[in-house]
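Welcome! Here is a short tour for anyone meeting this structure for the first time.

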Amino acid sequence: MKRRDFLKSALLAGTVLTIPGGIGFLGKAFAAAEKTDLAVAAGSSPAAITKAAIEALGGIKEFIARGDVVVVKPNIGWDRLPEYAATTNPEVVKTVVALCYEAGAKQVRIFDHAVVDPRRCYKQSGIAAAAAAAGGIVSFIDDRKFRDMRLPGVALKSWPLYTEAIEADKFINIPIAKTHGLSTLTLGMKNLMGIMGGSRGRIHQRIDGSLVDMAMTVKPSLVIIDAVRILTANGPQGGDLADVKQLNTIIAGKDQVAVDAYGATLFGLKGTDIGCVTAGHKAGLGIMDLTKLKIKKINV
Amino acid sequence: MISKIRIIVQGIFLLLFFWLFLQTESKGEDVLGYPVKIFLDADPLIFITTLLAGHVWSSSFFLAVLVIVATAILGRVFCGWICPLGTLNNIVGTFQKRRSNRAPLKLHWLKYCILIFLVTASLFSLQFAGIFDPIALLIRSLSLSVYPLASYAAKATFDTLYNFPIPVLVDISEFIYALFKKLFLPFQQPFFFQSFFLGLLFFIILGLNLLEKRFWCKYICPLGALLGVLSRFSLLQRTVTEGCNSCGTCTFECQGGAAPDQKEKWHNTECLVCMNCDDICPENAVRFGFLKKSRTAPLDLGKRRVLGMIMAGIATVPLIRITAINKQAGAGEPRLIRPPGSLEEKQFLERCVKCGECMKVCITGGLQPTFMEAGLEGIWSPVLVPKVGYCEYRCTLCGQVCPTGAIRKLEQKEKEKTKIGLAMIDHGRCLPYAHAMPCIVCQEVCPTPQKAIWLEKTKVTNKDGKELNLNQPHIDLELCIGCGLCEAKCPILGQPAIYVTSIGESRSKDNQLLLS
């Protein structure tokens, strides 16, 4: 520390101490000014970039408190190996689970309402093993735990949702970025369909509004888009390595609209190209204009 | 003493059978990892009829040969000591009131007639043995009926407790439920067509033990008949010494109804080597020993019966095959979607023994027993019903468990390219076509690497006169493998707007659409 800086901070500290509320107050104001909306980390290690992105947002303690029951919701929807980029990167999931425990989480639960056979999805995606290795409680969906719940009504007034997801203290959404025939892309908001029960096929008739309803109901504490590999065609199930692009990127943020809007740029699209992003923006769920956001980019 | 050892051995084989039965379920891996069909492999009746009808040696035929050799040496030890259905009959038989004074039916000839019929038919390429074979029957009955029943009952019980949450009780019941799930309940509740009917047949077979112990084994079982013939000159023979005073004690304990008190007129082909007579004899006059000469009654069925059954076996073959289903490709049930790797239909039927292993293991529960869709010849053979469950893209389990190769074991790469049919779209029901509403579920779920459903962006006018850009799905007939995932997930329930029929199936030369 240079002398001049030292004097400056000493002076500042002196001033602060005289103000009621003291350091804590200023600390908060300071953080607010500094607050990063989106963190985008790139690098070859999925674990390292996941950690870096969360660190850039203020660290995991910003989102998880001691004693929390946390639900980590990856995409385990398909029976594909990780390299096919149809399911969330297991390393990313494992890292997040471990971080949650570091922050003092009581329990970290991992599940997804898979589209095809869940046994194969959990196993072949590598997620069940990875999450369990970090101490996560991996469970298959139990049909008895869906309850009809009230939704804001943008498109849906009520739908059966998974109680374990809704009743958790914190919810971390970890989608993988993929193309999708109807919603163009499947990113964070689309991944929330994995806690919906009932006949989900009908959702597609009004998908954008439905996803906004889900996003407003679930209110994830953190959204982490896994773009270590992305699926650029034949999504969301994929199956052809030629459609997979290695980006080695993680996008993290609290604003569901903003995270998805940034995710769209990975595919050369804009937030406005994605129905649910536009609808979420309109409904006041978040900000899709990336120029209005403080985005921190990190290379690891 | 020996009968006590026998009971232990029976218990071990029954438990082994049940354990393998429970292992016939996916854990998410590509391969099962256990020889779940080992009892079928060891079944000489399946082995011989498959050899005659399909002209193939099953992969593990040495096990069946082992049983044949064992029978030639020791007699019907398979029936008395190993057969799981025999053991179940044994167990139920113990509930019979002892020493009922009803005279036994003495229908032993019946099972030999069934055997002659089945073997003759198989000689002329009709594989019907699986209907009566005890192992196939047991696996089929358990898979399609008894196991689903147990699962349903358990689920209903624990759900009831779960929905009336009394704090501590629900914790205990959930703990027990989780334990049950881990130990023996299926991953998901199985549902099968004809489960009631198949269950009823099975429970009747078990119930017949109350009429007469081991009724099935004595009078109906064609495998028992086959082993009986083989045991006629077995090396291990039962002899009775001079000490026998024909008190008749042994007849009540004889599991095969072999008339053991009849000295020279007893029926050694009916002896299950249970050794009860040796244990019970008050005069200790019974001996089991090798290379002893035992005098027995002849195995005489009567020429008319034998000739009659041979004729019936021969005549049944054309009779069963002149159904119009067989007239030409496409004449039969279009929804007869066979599992991936199935042989061409004629060969398939020559080999399928209707054991239900494939239906038990099917990861989505989509494989169902046919009724008359494949003719009487194909009754209880597997058909994929996509509305119940689709064919999982990367799953190859049905081919792994098929005991006769009716469903070939496919490598994953080959499976992914094997067509079991083709999907077609019903424009009158499909939302983007008929009702100007967005829906692309079929395209979303389509599992082929390059999707076999492509979307055409089309301008349509909805009921309010508003112009919309909608994606309308089309099938790529070359890429579609007919897995039925689209049909299973189509939101138009009941009669989906996209559905699979068997046309285009890889196994058929004639049931084709595309010029290739």
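A helix here is a DSSP run of H or I covering at least four residues, with numbering that starts from the N terminus. With that in mind, helix 9 of chain A is followed by A:Lys219, whose phi is positive, near 45 degrees. Please keep in mind that this is a predicted model.

**A helix under cover in chain A**

Let us stay with helix 9 of chain A, which is mostly covered, as 10 of its 12 residues are buried. Among the buried ones are A:Ile207, A:Leu211, A:Met214 and A:Val218. What lies over these buried residues? The cover includes helix 7 (163–167), strand 7 (170–174), helix 8 (188–191), helix 10 (256–265) and helix 11 (275–282) of chain A.

**A helix under cover in chain B**

In chain B, helix 7 (residues 108–123) deserves a look too. Of its 16 residues, 13 are buried, so helix 7 of chain B is largely enclosed by the rest of the structure. The residue B:Ser125 follows helix 7 of chain B and has a positive phi, near 75 degrees.

How does helix 7 of chain B lie against helix 13 (residues 222–231) of chain B? Their axes come within 8 Å and cross at roughly 95 degrees. Angles of 65 to 115 degrees count as roughly perpendicular, which means that helix 7 of chain B is roughly perpendicular to helix 13 of chain B. From helix 7 of chain B, the contact uses B:Lys111, B:Tyr112, B:Ile114, B:Leu115 and B:Leu118, while helix 13 of chain B brings B:Pro222, B:Gly224, B:Ala225 and B:Leu226. By class, this contact has 7 nonpolar, 1 polar and 1 charged residues.

**Domains and the meeting of chains**

Chain A is assigned domain 1 (7–36) and domain 2 (38–299), and the C-alpha centres of these two domains of chain A lie 36 Å apart. Chain B is divided into domain 1 (2–135 + 213–290), domain 2 (141–197) and domain 3 (419–516).

Where the chains meet, 23 residues of chain A are in contact with 31 residues of chain B. Helix 5 (residues 118–124) of chain A gives the most to the side of chain A that touches chain B, with 5 residues. That side of chain A divides into 5 nonpolar, 10 polar and 8 charged residues.

Definitions and conventions. Residues numbered from 1 in each chain as written. Chains lettered and ligands numbered in written order. Predicted model: local features only at pLDDT ≥ 70, side-chain atom pairs only at ≥ 80, totals over all residues. Contact = placed C-beta atoms within 7 Å. Helix = DSSP H or I, 4+ residues; strand = E, 2+ residues; numbered from the N terminus. Nonpolar A, V, L, I, M, F, W, Y, C, P; charged D, E, K, R; others polar. Domains from an automatic or database assignment. Axes fitted to C-alpha atoms, helices over the stretch in contact; angles between N-to-C directions. Parallel < 35°, antiparallel > 145°, perpendicular 65-115°, else oblique. Buried ≥ 20, exposed ≤ 12 C-beta atoms within 10 Å, placed from the backbone.
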